[in-house]
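Reader: Hi! Could you walk me through this model while I look at it?
Author: Happy to. Here it is.

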Amino acid sequence: MNTLEIEVLLVEDNPDDAALTIRALKKHNLANKLVHLKNGAEALDFIFGTGEYAGKAADDMPKVILLDLKMPKVNGLEVLARLKSDPATKTTPVVILTSSAEDPDIRKCYELGANSYIVKPVEFDNFSKTVADLGFYWMVLNKPSKI
């Protein structure tokens with residue numbers, strides 16, 4: 001896969017949530033260039049061109065990263081901290097898309113530099129609309145930094 005074409009990086013360990021997210025983005029033609037990774041360790045390898053993604057150019061970044069918090073191996077907070085502390089990735093938009101509505105999680109994500117924090121709606125239609133709206137905003141309306 002040519003990583004230069006990746007627009008959405010979805011980091012989600014729950015297969016049902018991942019499928020719903022991808023389905024909602026596809027329904028609105030926002031998932032043509034999407035990569036889904038199942039844990040934070042895979043995400044860091046992909047983003048920084050290490051492990052099984054060795055050789056991938058580190059500057060081939062998606063337009064937006066949709067990041068779950070509660071994942072195996074490396075959790076979303078650790079991924080977010082690493083992304084926002086590295087000059088090469090700190091301007092990449094990271095949207096937390098999680099089931100946690102806990103204030104400490106929300107506060108910590110914004111302290112680490114999250115661009116947005118979305119609690120996954122439980123009801124399918126609301127979930128689908130929320131994902132489509134956030135995809136539209138980050139893929140169409142938002143103007144990324146050229147830094």
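Author: One term before we start: two strands count as a pair if DSSP finds at least two bridges between them. Also keep in mind that this is a predicted model.

Reader: Good to know. How many bridges join strand E1 to strand E3?
Author: Four bridges link E1 (residues 8-11) with E3 (residues 64-67), and these two strands run parallel.

Reader: Which residue in E3 stands opposite leucine 10?
Author: That is leucine 66.

Reader: Let's zoom out. How many helices and strands does the protein chain have?
Author: There are five helices and five strands. Along the sequence they follow the pattern β-α-β-α-β-α-β-α-β-α.

Reader: And in what order do the strands sit in the sheet?
Author: The order is E2-E1-E3-E4-E5, in an open sheet with parallel pairing. E2 and E5 (116-119) are the edge strands, each pairing on one side only. From one strand to the next, the twist averages 20 degrees.

Reader: Nice. Now the helices: at roughly what angle do H2 and H3 cross?
Author: The axes of H2 (residues 40-48) and H3 cross at roughly 20 degrees and come within 9 Å. That makes the two helices roughly parallel, since angles under 35 degrees count that way.

Reader: Is that crossing left-handed or right-handed?
Author: The crossing of H2 and H3 is right-handed.

Reader: Which residues meet there, from H2 and from H3?
Author: From H2 you have Gly40, Leu44, Ile47 and Phe48, and they meet Val79, Arg82 and Leu83 of H3. By class, this contact has five nonpolar residues, one polar and one charged.

Reader: What about H3 and H4, how are they arranged relative to each other?
Author: H3 and H4 are roughly parallel to each other. The axes of H3 (residues 76-85) and H4 (residues 103-112) come within 9 Å, with a crossing angle of roughly 20 degrees.

Reader: Left-handed or right-handed, when H3 passes H4?
Author: H3 passes H4 in a left-handed crossing. On the H3 side the contact involves Leu77, Leu80, Ala81 and Lys84, while H4 brings Lys108, Cys109 and Leu112. Those contact residues divide into five nonpolar, no polar and two charged.

Reader: Switching topic: I just clicked on threonine 21. Where is that residue found?
Author: Threonine 21 is in helix H1.

Reader: Buried or exposed?
Author: Threonine 21 counts as buried, at 1% relative accessibility; the cut-off for buried is under 20%.

Reader: So which residues does threonine 21 touch?
Author: Leaving out residues up to four places away in sequence, threonine 21 touches Leu10, Leu66, Leu97, Phe127 and Val131.

Reader: Nice link! And where does asparagine 32 lie?
Author: Asparagine 32 lies in the loop between helix H1 (15-27) and strand E2 (34-37). With a relative accessible area of 65%, asparagine 32 is exposed. Its C-alpha atom is 9.7 Å from that of isoleucine 22, ten residues away along the chain.

Reader: Great, thanks for the tour!

Conventions
Residues numbered from 1 in each chain as written. Predicted model: local features only at pLDDT ≥ 70, side-chain atom pairs only at ≥ 80, totals over all residues. Heavy atoms only, no water. Axes fitted to C-alpha atoms, helices over the stretch in contact; angles between N-to-C directions. Parallel < 35°, antiparallel > 145°, perpendicular 65-115°, else oblique. Left-handed = near helix turned anticlockwise from the far one by under 90°. Contact = heavy atoms within 4.5 Å. Nonpolar A, V, L, I, M, F, W, Y, C, P; charged D, E, K, R; others polar. Buried < 20%, exposed > 50% of the residue type's maximum accessible area, 1.4 Å probe, protein only.
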